[in-house]
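Hi,

Here is the structure I said I would pass on. Have a look at it first, and then read my notes below.

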Amino acid sequence: MKKRGQGMATIMFGFGYGEGFPDHSIVSIEFEDESLLIRTAAADVGQGVLTVITQIAAEILKIDPDLIKISQGDTHLTKNSGSTSATRQTFFTGNAVKQAAEELLGKIYHYASLEFRSNHPELIVKDGHIFRHDDPENKLSYWQLAEIVSQKGEELKSEASFFPATDAPDAATGQADNVYVAYTFMTQKVEVEVDTVTGEVEVIEVNTAMDLGKAINPRNVEGQIEGGTVQGIGMALMEDQVIQNGITLNPDLTGYLVPTAMDSPHFKTSLIENEDADGPFGAKGVGEPSMIAAAPAVANAIHDAIGVRFYELPITPDKIKKALKDKIF
Amino acid sequence: MKITLTVNDEKREVETSPTTRLLDILRDDLHFTGTKEGCGKGECGACTVIMNGKLVSSCLVLALQADGAEILTIEGLSKGDQLHPVQEAYIETGAVQCGFCTPGMILASKSLLDRIPDPDEQQIKRGLSGNICRCTGYTKIIEAVKLSARKLAGKGGEEDE
């Protein structure tokens with residue numbers, strides 16, 4: 001017989017290294033040939049940080065995103081951006097790019113005001129050009145301006161470091177004022193179907209509401225939430241590394257199962273844009289928080305479906321069959 | 001030993017050994033590095049290519065078996081700068097994250113759509129079930145296959161490969 005159940009879980013996640021560890025990201029921006037070059041060591045492992053920082057720089061500098069190039073992850077060319085971990089790159093490198101872009105924009109206004117013999121409020125930037133509001137035809141591209149600046153022996157470029165402080169927790173109490181830079185919150189409700197004969201659990205639907213401050217790229221964020229949640233479902237239902245005497249007995253994907261397309265549920269996702277005061281455009285991290293709620297929500301849904309409470313993951317078919325048998329007899 | 005195989009419509013001769021894997025011939029000898037090695041034992045689908053019209057894990061195909069075969073790798077899907085509709089659909093739906101599974105996933109999608117032009121959700125999931133993706137949760141990949149089906153239907157019989 002197949003029994004349906006619903007379960008819910010709510011999580012909060014403090015991101016960045018936190019706890020007083022030095023945590024920062026350094027970014028520089030300069031003009032190069034026909035493009036704008038952002039130097040960052042932030043590693044894009046698929047989560048989309050390079051897309052996000054391209055959007056941020058394009059937004060601040062009023063420039064076509066296609067003109068932006070990124071020189072990434074080269075110790076010769078880039079400074080420290082910290083690791084792609086701790087759900088931190090959008091917040092840290094996003095902020096560093098925002099600051100560097102703002103500084104560059106300030107310089108563009110400064111040098112252009114000298115060229116146009118005008119005041120900053122009289123100037124307008126649009127599509128990679130700057131001009132006086134009363135004379136839009138007489139405009140300078142950023143690249144033309146960079147050339148003029150270099151002829152003066154100066155440089156039209158910028159660098160910024162985002163380096164927020166956090167507090168180490170008190171050794172005795174574990175408390176501190178500001179342990180992490182910010183927190184992401186998420187609630188998920190899942191619906192499962194439990195086959196009481198085979199013990200198999202199918203996750204039918206996942207409803208997610210995540211307070212992420214601001215979704216700089218909503219589709220990327222959805223992808224992160226879907227991917228993280230399916231990893232969480234894997235932890236809840238199948239992923240089990242069996243170690244005996246220090247040896248992993250299932251070091252392959254036949255013995256260690258991960259979710260396939262067959263295990264992918266339907267998603268309904270609400271992005272709650274409750275802007276964070278310190279995030280770039282209010283954005284917070286979404287990577288790790290997206291996978292935390294799935295396991296408790298699935299366990300709660302299984303309890304709702306068959307009345308059995310599990311305290312150990314993964315909740316495999318054999319555990320469910322045994323529990324149902326113990327419950328009946 | 002020498003084998004002859006057609007890769008992406010081009011006839012190639014390769015000096016190899018009978019026990020060399022098709023995966024290594026493609027990557028090391030012919031430099032089609034779009035084909036990825038994941039598990040190396042036919043479990044993950046990263047090395048998927050289409051051989052004689054069928055989806056295979058190229059890590060499980062030996063050189064001798066590939067002699068005389070027609071192979072399609074991810075590099076053979078686009079025509080010049082013109083992406084295949086399935087590739088377009090993956091980009092438009094955001095179905096790519098780290099990208100490691102993507103070549104195999106796209107070829108599995110194409111193979112499915114060759115067999116079943118208008119698959120339902122369950123057929124899509126089954127068609128992709130031999131390819132593991134750790135990033136996306138598959139949602140947007142399934143969406144991409146649905147979009148691919150619509151794109152291919154819209155273009156009628158033009159897309160023969």
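This is a predicted model: local features need pLDDT of at least 70, side-chain atom pairs count only at pLDDT 80 or more; totals for chains, interfaces and linings use all residues.

Glu222(A) has 23 other C-beta atoms within 10 Å, and 20 or more are enough to count as buried, so Glu222(A) is buried. You'll find Glu222(A) in helix 4 of chain A.

First, the domains. Chain A is assigned two pieces: domain 1 covers 2-15 + 180-328, while domain 2 covers 25-162. Taken over C-alpha atoms, the centres of domain 1 and domain 2 of chain A are 39 Å apart. Where they touch, domain 1 of chain A puts in 17 residues and domain 2 of chain A puts in 14 residues. On the domain 1 side of that contact, the elements giving two or more residues are strand 1 (2-15) and helix 4 (218-237) of chain A. That side of domain 1 is made up of 9 nonpolar, 6 polar and 2 charged residues.

Next, the two chains. How many residues of chain A are in contact with chain B? There are 19 of them, and they meet 21 residues of chain B. Helix 4 of chain A gives the most to chain A's side here, with 7 residues. By class, the side of chain A that touches chain B has 7 nonpolar, 9 polar and 3 charged residues.

Finally, have a look at a helix pair within chain B. Two packed helices are described by the angle between their axes and the distance between the axes. For helix 3 (residues 85-93) and helix 4 (residues 102-115) of chain B, the axes come within 10 Å and cross at roughly 125°. An angle of that kind falls in neither the roughly perpendicular range, 65 to 115, nor the roughly antiparallel one, over 145, so helix 3 and helix 4 of chain B are oblique to each other. Their crossing is right-handed. The residues that meet are Val86(B), Gln87(B) and Tyr90(B) from helix 3 of chain B, and Thr102(B), Ile106(B), Ser109(B) and Lys110(B) from helix 4 of chain B. Sorted by class, that contact has 3 nonpolar, 3 polar and 1 charged residues.

Cheers

Technical notes
Residues are numbered from 1 along each chain as its sequence is written. Chains are lettered from A and ligands numbered from 1 in the order in which they are written. Axes are lines fitted to C-alpha atoms, for helices over the stretch in contact, and angles run from 0 to 180 degrees between N-to-C directions. Helices (H or I, at least four residues) and strands (E, at least two) are DSSP runs, numbered from the N terminus. Angles under 35 degrees count as roughly parallel, over 145 as roughly antiparallel, 65 to 115 as roughly perpendicular and the rest as oblique. A crossing is left-handed if the near helix is turned anticlockwise from the far one by less than a right angle, and right-handed if clockwise. Two residues are in contact if their C-beta atoms, placed from the backbone, lie within 7 Å. Ala, Val, Leu, Ile, Met, Phe, Trp, Tyr, Cys and Pro count as nonpolar, Asp, Glu, Lys and Arg as charged, and the others, Gly among them, as polar. Domain bounds come from an automatic or database domain assignment. A residue is buried if 20 or more other C-beta atoms lie within 10 Å of its own, exposed if 12 or fewer, and partly exposed in between; C-beta atoms are placed from the backbone.
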